Amino acid sequence: MTCVSQCAKYFLCFFNFVFFIAGGAALTVGIWLFVDRSSFTNLIGKLDQSDFLNQTDADVIQMIAYILILAGALTFIISFLGYCGAMFESRCLLCVYGILILLVLILECVVVGLAFGLKGDVEKGTQDFLKSTIAKYYASSGDKADTVTVAWDGIMSKLHCCGVENFRDFSENRNWTITGKTVPDACCIKENDVLKDPTCPINPTASNSYYQTGCYQAMMTAIEENAAIVIGVAATLVFVEVLVIILALYLACCYWRPQHGRLGVKVSY
């Protein structure tokens with residue numbers, strides 16, 4: 001085996017070993033959450049001294065578990081095939097691995113193409129989903145704060161926005177409207193982490209809050225402003241996937257030729 005083949009082999013082994021561990025970890029956590037949510041959340045609570053996950057809605061936890069199981073299982077299986085194929089010099093496993101990565105790459109391209117082709121429908125669907133998280137899961141701050149609430153508070157504070165389109169999105173949440181507040185504290189302008197105007201949550205205005213600025217548009221603006229980073233990350237991901245496909249098929253050819261050559265010699269005799 002040449003030096004190039006050796007480098008390709010060990011690169012694939014290392015690359016897939018890392019993802020094999022990551023996929024196994026994600027799969028383990030997903031199964032643990034699905035089978036016994038309470039023991040996992042209690043363990044996390046003891047580690048970070050909080051009751052964060054125990055306060056999270058059961059449907060959200062279940063959704064997270066499904067995502068972890070699916071993503072972890074796919075990563076685990078594909079990386080396992082790649083690692084074993086490279087380590088044990090298996091043409092069959094390397095070919096299957098290369099084809100699976102190629103299918104993933106094609107799927108990503110299809111998703112991106114559909115996102116651009118159906119931009120209006122995608123935007124509407126995304127906005128509806130975000131609004132549903134506010135309407136169903138957003139709670140008041142403090143002891144009742146859950147994953148969705150903390151996530152939305154972080155987004156609104158960071159991007160200086162309020163709701164998906166504007167503050168009216170919170171009026172769809174009965175658990176929120178009974179608090180008597182119009183907008184969460186995260187929608188209000190703060191100075192040194194203190195509300196600039198204490199009456200803002202009840203009476204938001206353009207001078208004390210971001211109540212008319214929607215977070216969806218704010219997120220789109222942030223993405224556009226960081227387009228170079230987004231494109232760079234996407235290009236890097238595509239480059240790595242293409243490189244892995246080439247290396248896998250290259251090694252498959254390297255392992256195929258010597259055996260075929262020896263077979264030819266035997267036949268000639």
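Q: How do the residues lining the second largest pocket divide into nonpolar, polar and charged?
A: In this predicted model, the lining of that pocket holds 13 nonpolar, 3 polar and 1 charged residues. The elements giving two or more residues to this lining are helix 1 (3-35), helix 3 (58-87), helix 4 and helix 9.

Q: Which helix gives the most to the lining of the second largest pocket?
A: Helix 3 does, with 7 residues. The lining has 17 residues in total, and F19, T75, I78, I101 and V104 lie nearest the centre of the pocket. The space inside comes to about 450 Å³.

Q: Why is E241 called buried?
A: The relative accessible area of E241 is 10%, and buried means under 20%. E241 is therefore buried. This residue has its place in helix 9.

Q: What does E241 touch, leaving out residues up to four places away in sequence?
A: E241 touches I101, V104, L105 and E108. Two of these residues, I101 and V104, are also among those nearest the centre of the second largest pocket.

Q: Why is V29 called partly exposed?
A: Its relative accessible area is 26%. Buried would require a value under 20%, and exposed a value over 50%. The value for V29 lies in between, so V29 is partly exposed.

Q: Where does V29 lie, and what does V29 touch beyond residues up to four places away in sequence?
A: V29 lies in helix 1 and touches F40 and L68. V29 and F40 are 11 residues apart in sequence, while their C-alpha atoms are 8.4 Å apart in space.

Q: What makes up the largest nonpolar core?
A: This core has 22 residues, and Y138, W152, M156, F170 and V183 have the most contacts inside it. Helix 5 (119-137), helix 6 (147-159) and helix 8 (215-225) each supply at least two of its residues. A second, separate core has 17 residues, including L12, L247, A248 and L251. In soluble globular proteins, nonpolar side chains tend to be buried together.

Q: Which residues are in contact with Y138, leaving aside neighbours within four places in sequence?
A: Y138 is in contact with T133, V148, T149, W152, D153, M156, F170, N173, W176 and P184. Contact here means heavy atoms within 4.5 Å.

Q: How large is the largest pocket, and which residues lie nearest its centre?
A: The largest pocket has a volume of about 890 Å³. Its lining has 22 residues, with A115, F116, M220, I223 and V230 nearest the centre. The elements giving two or more residues to this lining are helix 4 (91-117), helix 5, helix 8 and helix 9 (227-268). Helix 4 provides the largest share, 7 residues. By class, the lining divides into 16 nonpolar, 2 polar and 4 charged residues.

Q: How many helices and strands does the protein have, and what percentage of its residues is buried?
A: There are 9 helices and 2 strands, and along the sequence they follow the pattern α-α-α-α-α-α-α-β-β-α-α. Of the 269 residues, 31% are buried, that is, under 20% relative accessible area. The accessible surface comes to about 16400 Å², of which 68% belongs to carbon and sulfur atoms.

Methods:
Residues numbered from 1 in each chain as written. Predicted model: local features only at pLDDT ≥ 70, side-chain atom pairs only at ≥ 80, totals over all residues. Heavy atoms only, no water. Core = buried A, V, L, I, M, F, W, Y, C linked by side-chain atoms within 4.5 Å. Buried < 20%, exposed > 50% of the residue type's maximum accessible area, 1.4 Å probe, protein only. Helix = DSSP H or I, 4+ residues; strand = E, 2+ residues; numbered from the N terminus. 1 Å grid on protein atoms, 1.4 Å probe; cavity = no way out; pocket = protein on both sides within 12 Å on 5 of 7 lines; lining within 4 Å. Points joined across faces, edges and corners; volume = space filled by probe spheres on them. Nonpolar A, V, L, I, M, F, W, Y, C, P; charged D, E, K, R; others polar. Areas by Shrake-Rupley, 256 points an atom, 1.4 Å probe, with all protein chains shown as cover.
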